[in-house]
Amino acid sequence: MVTPDLKALAKHQARYWNEDGLPELVVGALWIFYAGSLLVGTGLRPGLIRTAFWIVMPLVYVVGGFYVIQWGIKRIKERVTYPRTGYVNYLTSRSAWAVGIVVSVLALAGITILLFTGKGIGTMNLLPSICSLLLAAGVAFLAIKQKTPRLLILSGAALVSAIGVPLLHLGENGFLWMWLWLGTVSAVTGAFRLRSFLREHPRNQEREA
Amino acid sequence: MTDLDRLLHEPARLVIVALLSGLKEADFLYLLRESSLTKGNLSSHLSRLEEAGYIEIEKTFRGKIPLTLVRLTKTGRAALRDYKKAINSLLA
């Protein structure tokens, strides 16, 4: 055995989380749920239920996006991935959680301020494009850093969304179509990856020494 | 060469410790796949690392399936950090 490349090992460790396609599949499902919830929310008649819905849903988005999704992916991996290719528990830094909370609070505060200052609607219509652009850049960075070219498909889809939402004049429905489009692309690429992962790693492997 | 940790300087053991460095814990199957060692070799290297206090091994069950969990200890993390420093200063 030659001297190991420690940096390459560290990168591979990070890539292992995405190797089975499950994170993309679950995140895709979550984004489709976001789209569905927006569809329901815009369909509600003005009144108490609609107000309550729009107060609760942002919290559901944040909690779902940051915490439930991690918990859910881990539970599925325990049944699907770990028996096939091995179990790992990543070190979670407190700073990452803190950054997650700060970003969520700032995003919610920003949207609330935009809505209540009256400048909201015009700027809000731009938000899907801005979010798509940020997502495209973030996913492309991840794809290159972790050497996972598959993720470039999602990055490309986000770029299409960033350009397509204003071109198609989707207005208030911009977020709905953005989540639906990106959720579908993410879920489909994740499902294809999961299918090949399951073929490559059948479950009846020997487990222990 | 005198500053280098002989235990970690062995490539297979260095791979095991490096694999564990970004993780809270991993099981035997993961280490087996990622290190490309044989079961016997991996077991032997894990024993050496456990004797040195670099790792902790916990034998447990998930349902009816035996599960060997491996964790890097504080001593192991410090040893890897020192090893990296030593090797970098040698190469500099």
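Helix 2 of chain B, residues 11–21, is mostly covered in this predicted model, with 10 of its 11 residues buried. The buried residues run as follows: Pro11(B), Ala12(B), Arg13(B), Leu14(B), Val15(B), Ile16(B), Val17(B), Ala18(B), Leu19(B) and Leu20(B). At the N-terminal end, this helix is capped by Glu10(B), which places a side-chain oxygen 2.9 Å from the backbone nitrogen of Ala12(B).

I remain with chain B for one backbone feature. Ser36(B) has a positive phi, near 60°, and is a residue other than glycine. Its position is the loop between helix 3 (28–35) and helix 4 (39–51) of chain B. Ser36(B) has a relative accessible area of 64%, and because the threshold for exposed is over 50%, Ser36(B) counts as exposed.

Lys147(A) is not a glycine, yet its phi is positive, at about 50°. Lys147(A) belongs to the loop that links helix 6 (120–145) and helix 7 (151–167) of chain A. With a relative accessible area of 60%, Lys147(A) is likewise exposed.

Let me turn to the aromatic residues. Over all chains, the count of aromatic pairs comes to 9. One of them joins Phe53(A) and Trp54(A): the ring centres are 5.2 Å apart and the planes stand at 90°, so the pair is edge-to-face. The limit for that class is an angle over 60 degrees.

Two rings have a charged residue over the face. Which residue lies over the face of Trp17(A)? That residue is Lys77(A), at 4.7 Å from the ring centre. The other case involves both chains: Arg62(B) lies over the face of Tyr87(A), at 5.0 Å from the ring centre.

Where in chain A is confidence lowest, and where is it highest? The lowest value belongs to helix 5, residues 94–116, with a mean of 67. The highest belongs to helix 8, residues 174–200, at 94.

Conventions
Residues are numbered from 1 along each chain as its sequence is written. Chains are lettered from A and ligands numbered from 1 in the order in which they are written. This is a predicted model: local features need pLDDT of at least 70, side-chain atom pairs count only at pLDDT 80 or more; totals for chains, interfaces and linings use all residues. Side-chain values use heavy atoms; hydrogens and water are left out. Rings of Phe, Tyr and Trp (its six-membered ring) pair if their centres lie within 6.5 Å; planes under 30 degrees apart count as stacked, over 60 as edge-to-face and the rest as tilted. A charge sits over a ring if NZ of Lys or CZ of Arg is within 6 Å of the ring centre and within 35 degrees of the ring normal. Helices (H or I, at least four residues) and strands (E, at least two) are DSSP runs, numbered from the N terminus. Buried means under 20% relative accessible area, exposed over 50%, partly exposed in between (1.4 Å probe, protein chains only). pLDDT is the predictor's confidence in each residue, from 0 to 100. A polar contact is a pair of N or O atoms within 3.5 Å; within protein, one must be able to donate a hydrogen and the other to accept it, and residues adjacent in sequence count only if both atoms are side-chain atoms.
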